[in-house]
Amino acid sequence: MAASAGPALSREEVDRALARLGAERDAVESALLSLQDHPGLRLLDGAGLTGRTLERWSVVGQGLPLLWALFDRYSEALASARAVRARRAKPGGPELAELSELLTGDAVTVPGGAPDGPQRLGAPARLVERVSLEELMERMNSWYATVLEVVSAADAVWTALPARIDLLIAELRRVQTLAASLGVRSGTHPLGDDLEALDADLEGLRAEVRADPLALWRPARVPAQRGTVPDGGASALPSGVVDTERFDRAGRALDGVRQELENLLRLRDDAEERLQGVGDLLQRADATLAEARRARGEVLAKIAATEVPAVPGPASALRERIVLALELRQNGQWYRLAPLLDALEDAAAKELARARQSLTEVTQPLAVRAELRGRLDAYKAMAARLRVSEDPVVLERYEKARWLLWSAPCDLRAAAGAVARFQQALRPAPGEPGAGAGAAEPGGAGYGGGTGYGGAGPSAAGYGGTVQDRIERDGIGRGGAAAGGEPADGQAVDGRVQGG
């Protein structure tokens with residue numbers, strides 16, 4: 001039995017209600033027409049759906065026909081009320097009572113069941129119900145919101161992803177072509193495996209977007225919430241976001257693979273020049289080692305030293321790796337050549353540094369001898385300035401130091417001591433004029449610290465420490481002449497000034 005509409009409405013209330021309900025009816029009709037033409041609805045009707053989208057659409061897809069059925073009931077009830085109101089310009093009590101029942105009472109028969117699920121547990125199933133126009137409007141709003149939620153979400157996913165996925169797949173095909181030109185293929189190189197995995201992932205994502213768009217939709221609110229029909233019809237924006245994480249991750253992975261392949265492409269263009277550079281470094285290293293071997297022979301001949309380091313041989317293993325690199329370049333195996341060429345460049349640079357270090361170590365005694373000779377010449381000039389060069393002690397010590405430095409082989413330890421004693425002979429005796437003034441002191445006026453010749457233990461200009469310290473530290477000069485400066489028995493003196 002229909003519920004009572006309550007007190008009868010006045011004529012003015014009836015007219016206002018008819019105007020409001022008529023405007024609502026026009027808004028619902030416009031919204032339903034827009035929803036019916038919604039591109040998302042047409043795609044859902046024609047797509048082979050799966051997963052979550054199929055589950056939702058199997059229920060929600062019944063909403064649009066039901067909405068039109070409810071709208072027809074609403075329109076019929078409103079038309080009946082308008083017909084009653086049109087009977088008389090000034091309706092009497094019976095007409096107002098009938099209008100009140102039509103406009104506010106449960107006077108509309110509709111299909112039974114709620115739009116958002118089954119009947120409540122224990123409630124009897126009803127095939128039809130009688131509801132008021134206001135309740136019917138609420139039910140249409142609820143169904144409209146449910147259908148629009150699904151249609152708009154599916155359309156948002158279909159709008160956002162398929163075209164972008166197709167573009168990314170096209171880029172993937174270009175990268176795969178580049179990889180094939182560089183010899184990078186699945187099963188032979190990790191980049192080829194990555195490209196194959198990306199291809200499968202993007203194809204799967206495209207299929208999922210087409211068949212189950214709601215799986216990639218993240219609603220901002222619970223779907224099918226009760227709402228109202230918008231004034232703009234079915235063009236309202238969906239409440240949520242498209243989940244693009246898988247697409248973005250695939251794009252980043254493809255960018256990484258493309259960058260590595262472009263590095264291989266640059267390697268292909270620069271490989272010959274880089275291999276030539278490695279060869280040049282090794283040639284320089286070989287030339288430096290040859291110079292070190294020649295210098296070692298000279299040191300052994302001219303310096304009485306027993307601890308001259310041996311000169312290493314050429315890096316034969318490195319040359320074998322260069323041959324392998326040339327074969328890889330010839331066969332176009334750029335992905336294998338890339339790490340090998342980096343290692344070769346590093347190893348060749350280290351080989352050149354090792355050769356230079358060997359040459360420096362081997363020629364160290366000759367550098368010490370040259371420094372001692374330079375100091376002796378500087379002290380001789382100091383003796384001339386002090387007018388003591390003809391002093392017998394000074395002259396004797398100079399000749400001994402010179403004899404030791406220009407003998408072959410040269411005893412550096414004895415020569416350093418002789419140079420130091422010659423330097424000490426230049427100092428005036430206590431009480432003599434100029435004593436303590438620093439005139440004859442090493443490092444004094446004219447021979448200050450900037451010359452590098454001052455001090456009782458002469459500082460090695462440009463080398464650090466004293467000459468004696470360097471001789472003791474490097475172990476050069478041992479086993480040669482005695483500490484007193486006399487040449488050992490059988491020790492040859494070339495009698496000529498030797499080159500540096």
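This section describes the overall make-up of a predicted model and then several of its local features.

The secondary structure of the chain consists of 15 helices and 4 strands. The chain has 500 residues, of which 41% count as buried. Its exposed surface comes to about 25,400 Å², and carbon and sulfur atoms supply 54% of that area. When contacts between residues at least 6 apart in sequence are considered, 78% of them join residues at least 24 apart.

Helix 4 covers residues 63-85 and contains 23 residues. At 1.5 Å a residue, helix 4 should span 33 Å, and this agrees with the model because its end C-alpha atoms are 33 Å apart. Several residues of helix 4 are buried, among them Gly 63, Leu 64, Leu 67, Leu 70 and Phe 71. Further along the helix, the buried residues include Tyr 74, Ser 75, Ala 77, Leu 78, Ala 81, Val 84 and Arg 85. The cover over these buried residues includes parts of helix 1 (11-36), helix 2 (39-46) and helix 3 (51-60). Helix 5 (93-104), strand 1 (108-111) and helix 6 (133-160) are also included in that cover.

Two of these covering elements, helix 1 and helix 5, also pack against each other, at an angle of about 35 degrees and with their axes 11 Å apart. The contact involves Arg 11, Val 14, Ala 17, Leu 18 and Leu 21 on the side of helix 1, and Leu 96, Leu 99 and Leu 103 on the side of helix 5. The crossing of helix 1 past helix 5 is left-handed.

Arg 218 belongs to strand 3, which comprises residues 217-219. Its relative accessibility is 37%, so Arg 218 counts as partly exposed, a class that lies between the limits of 20% and 50%. Apart from residues up to four places away in sequence, Arg 218 touches Arg 52, Gly 240, Val 241 and Asp 243. With one of these, Asp 243, a polar contact of 2.9 Å is made between the two side chains. A polar atom of the Arg 218 side chain also lies 3.1 Å from the backbone oxygen of Ala 215.

Ala 250 lies in helix 9, which is formed by residues 245-302. This alanine counts as buried because its relative accessibility is 4%, and the limit for a buried residue is under 20%. Leaving aside neighbours within four places in sequence, Ala 250 contacts Leu 168, Leu 198, Asp 201 and Leu 202.

Two loops carry particular backbone features. Arg 387 is located in the loop between helix 12 (364-386) and helix 13. The phi angle of Arg 387 is near 60 degrees, a positive value in a residue other than glycine. With a relative accessibility of 74%, Arg 387 counts as exposed, since exposed residues are those over 50%. Pro 409 is located in the loop between helix 13 (392-405) and helix 14 (412-425). The peptide bond that leads from Ala 408 to Pro 409 is cis, and its omega angle is near -5 degrees.

Conventions:
Residues numbered from 1 in each chain as written. Predicted model: local features only at pLDDT ≥ 70, side-chain atom pairs only at ≥ 80, totals over all residues. Heavy atoms only, no water. Expected span 1.5 Å × (residues − 1). Buried < 20%, exposed > 50% of the residue type's maximum accessible area, 1.4 Å probe, protein only. Contact = heavy atoms within 4.5 Å. Polar contact = N/O pair within 3.5 Å; in protein donor to acceptor, adjacent residues only side chain to side chain. Areas by Shrake-Rupley, 256 points an atom, 1.4 Å probe, with all protein chains shown as cover. Axes fitted to C-alpha atoms, helices over the stretch in contact; angles between N-to-C directions. Left-handed = near helix turned anticlockwise from the far one by under 90°.
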